[in-house]
Amino acid sequence: MPLLAPVTRNPSPGIRLFRAFGIDVYLHWLWFVIAFIEISNSNHRYSSLAWNVAEYCSLFVMVLLHEFGHALACKSVGGRAERIMLWPLGGVAYVQPPPRAGALLWSIVAGPLVNVALAPITIGVYMLIRSATIAASTDVRHFAFYVAAINILLLVFNLLPIYPLDGGQILRALLWFMIGRANSLRVASLIGLIAAGAALAWTVTHQMWWTTALAVYALVRSWGGLQQAGNVSRLLAFPRHDELKCPACGMSPPRAPLWRCACGATFDTFDMHATCPHCGQKFETTMCLHCGEKFPIDEWVGAETLPPAPTPAFLSPFPGAAMRSR
Ligand SMILES: [Zn+2]
Ligand SMILES: [Zn+2]
Ligand SMILES: [Zn+2]
């Protein structure tokens with residue numbers, strides 16, 4: 001059963017299929033291996049193997065449409081969505097909505113909404129084919145039934161409130177309105193952790209290896225969500241540069257030495273005008289710690305209030321840097 005969770009980390013390499021709406025669609029190489037196993041093991045409902053291939057591919061077309069729902073919705077609220085990866089367990093849209101409850105909610109809900117929209121279409125086509133008005137072969141009837149059924153299954157499965165499934169992320173976005181960004185992620189991840197742990201125990205005892213892989217994935221992602229909740233809490237606890245705002249997400253950066261230079265120095269890049277106080281390295285772009293976007297420091301909203309870029313004399317309180325660079 002495919003998993004359709006949108007995540008933000010980079011995908012492992014795959015074959016680039018095409019690009020649409022500024023989104024690259026990749027197919028993981030493992031997909032072919034699993035597709036071969038699945039199709040050759042599929043039962044003989046059809047008169048020819050071509051139907052099994054069509055069935056397997058149609059599942060991924062629906063997964064792809066679902067992922068485009070996430071990606072386009074994320075873009076519509078000003079977020080980032082550049083890649084969709086199709087892999088054996090389903091699809092993953094690499095979306096990064098702005099850190100706002102409403103933006104996250106819309107980016108997540110849009111995926112299952114695609115399946116909601118597909119339901120009357122696929123069921124309608126099946127009803128039409130099943131009715132006597134069209135003389136369709138048994139293969140066509142089976143196929144139409146499969147497509148309609150799998151769409152409903154995708155919808156129901158993804159709405160389970162288990163992080164990182166869509167349902168779990170919708171729960172998180174709704175909780176965000178009530179208990180804030182970090183605690184909502186903490187609660188949703190904890191529920192995910194418990195549910196995935198229970199699912200893992202159950203699938204292992206029943207030797208359902210396919211679902212075991214999914215449970216392990218959910219477990220790892222929920223654990224990651226818990227860690228991330230901790231990071232977000234810490235980030236939000238710092239005082240902020242209230243006069244500055246990220247051009248992408250509108251959040252004010254923390255007023256703390258949280259940016260690290262390759263030389264190992266950590267410093268508040270906004271106090272230093274994106275120049276390392278230790279080695280003097282000037283940074284082209286500065287990363288927003290809330291959304292991960294990078295912009296030249298002068299493009300931050302309110303950047304005119306920043307201190308001017310330090311001159312080399314500024315480095316004098318750190319004589320070690322000058323010594324080492326010689
Ligand atoms: Zn989804
Ligand atoms: Zn930002
Ligand atoms: Zn440095």
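Two residues count as in contact when their C-beta atoms, placed from the backbone, lie within 7 Å. Keep that in mind as you work through this predicted model.

**Exercise 1.** Find what share of contacts between residues at least 6 apart in sequence joins residues at least 24 apart.

*Solution.* Start with the parts: the chain has 8 helices and 8 strands. Now take the contacts between residues at least 6 apart in sequence: 61% of them join residues at least 24 apart.

**Exercise 2.** Work out whether Ile162 is buried or exposed.

*Solution.* First, locate it: Ile162 sits in the loop between helix H4 (138-158) and helix H5 (166-179). Next, recall the cut-off: a residue is buried if 20 or more other C-beta atoms lie within 10 Å of its own. Ile162 has 27 C-beta neighbours inside 10 Å, so it counts as buried. Then look at who it touches: beyond residues up to four places away in sequence, its contacts include Ile191, Ala195, Ala196 and Ala218.

**Exercise 3.** Name the residues that touch the most other members of the largest nonpolar core.

*Solution.* This core has 46 residues, and the ones to name are Ala71, Ala81, Ile84, Ala93 and Ala196. Helix H2 (residues 49-76) gives the largest share of the core, 7 residues. At least three core residues come from each of domain 1 (1-159) and domain 2 (161-237). Now zoom in on Ala71: leaving aside neighbours within four places in sequence, it's in contact with Ile23, Ala81, Ile84, Ala93 and Val95. Apart from this core lies another, of 8 residues, with Met251 and Trp300 among them.

How values were computed. Residues numbered from 1 in each chain as written. Chains lettered and ligands numbered in written order. Predicted model: local features only at pLDDT ≥ 70, side-chain atom pairs only at ≥ 80, totals over all residues. Helix = DSSP H or I, 4+ residues; strand = E, 2+ residues; numbered from the N terminus. Core = buried A, V, L, I, M, F, W, Y, C linked by C-beta atoms within 7 Å. Buried ≥ 20, exposed ≤ 12 C-beta atoms within 10 Å, placed from the backbone. Domains from an automatic or database assignment.
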